[in-house]
Amino acid sequence: MAELNTGDGGGKKGGGGKVRSKKANPSVDLTAMVDLAFLLITFFILTTTLSKPQSMNLAMPDKQKEQDTPTETPAWRTLTLVLGSGDKLAWYSGRIDGPPLDGPVVTGYGKTGVRDLILNKKAGVDAKNKAEGADLEKSGITIIIKPSKKSNYKNLVDILDEMAITKVKKYAIVDITDADIKVLEDNKIY
């Protein structure tokens, strides 16, 4: 049992011959207080919500059947982002194995770098689709993301964040090719 001692408060005082009766020490039983403290701690531990991990939804394609032929996106609707080292990336439109439509050009991440690029390309593709009368939902821009061994995880997350910010509906993360590595080496970001 826990007790609170307050001292005896006594002691001899000088003078006089009066004898005082000794008072009993008051004691407070703290057992109930300790029980209450543990009940409160238990209550708050059980009712708090721990921080939930934040994750981004990543849509994966269905498995392709053997008889299905892959649909090919026109070169003017594709934008390829090749992630390099030093927080830089190279981009090009079209295909790298033939003459690309635009690029390759080196840029950085963020609002003034890759975000402006994506928004401009997306607006150009949407304008061309609208002029041709195509469905904007099905024929929007397609972005191909190719991380290299020299890029870091933060760069990939930054690009995926840009896809969410710019509301790009079609994008894919694919393996880097030798031609893409050569582009990075030529621009000294590999």
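Which residue in E4 is the bridge partner of Leu81? Select Leu81 together with E4, bearing in mind that this is a predicted model, and you will find that the partner is Ile145. Widening the selection to residues 78-83, which make up strand E1, and residues 142-147, which make up strand E4, shows two strands that run parallel and are joined by 6 bridges.

Next, bring in the rest of the sheet, an open one in which 5 strands follow the order E3-E2-E1-E4-E5 with mixed pairing. At its edges stand E3 (102-108) and E5 (170-173), and because each of these has a single partner strand, one side of each is left without a neighbour in the sheet. If you look along the strands, neighbouring ones are turned by 20° against each other on average, with direction ignored.

Selecting residues 111-132 displays helix H2, which lies across E1, E2 (88-93), E3 and E4 and runs at about 165° to E1. Selecting residues 153-165 displays helix H3, which lies across E1, E2, E4 and E5 and runs at about 170° to E4.

For the last stop, select Glu162, which is found in helix H3. Is Glu162 buried or exposed? Its relative accessible area is 6%, and Glu162 is therefore buried, the cut-off for that term being under 20%.

Technical notes:
Residues numbered from 1 in each chain as written. Predicted model: local features only at pLDDT ≥ 70, side-chain atom pairs only at ≥ 80, totals over all residues. Heavy atoms only, no water. Pairing = 2+ DSSP bridges. Helix = DSSP H or I, 4+ residues; strand = E, 2+ residues; numbered from the N terminus. Axes fitted to C-alpha atoms, helices over the stretch in contact; angles between N-to-C directions. Contact = heavy atoms within 4.5 Å. Buried < 20%, exposed > 50% of the residue type's maximum accessible area, 1.4 Å probe, protein only.
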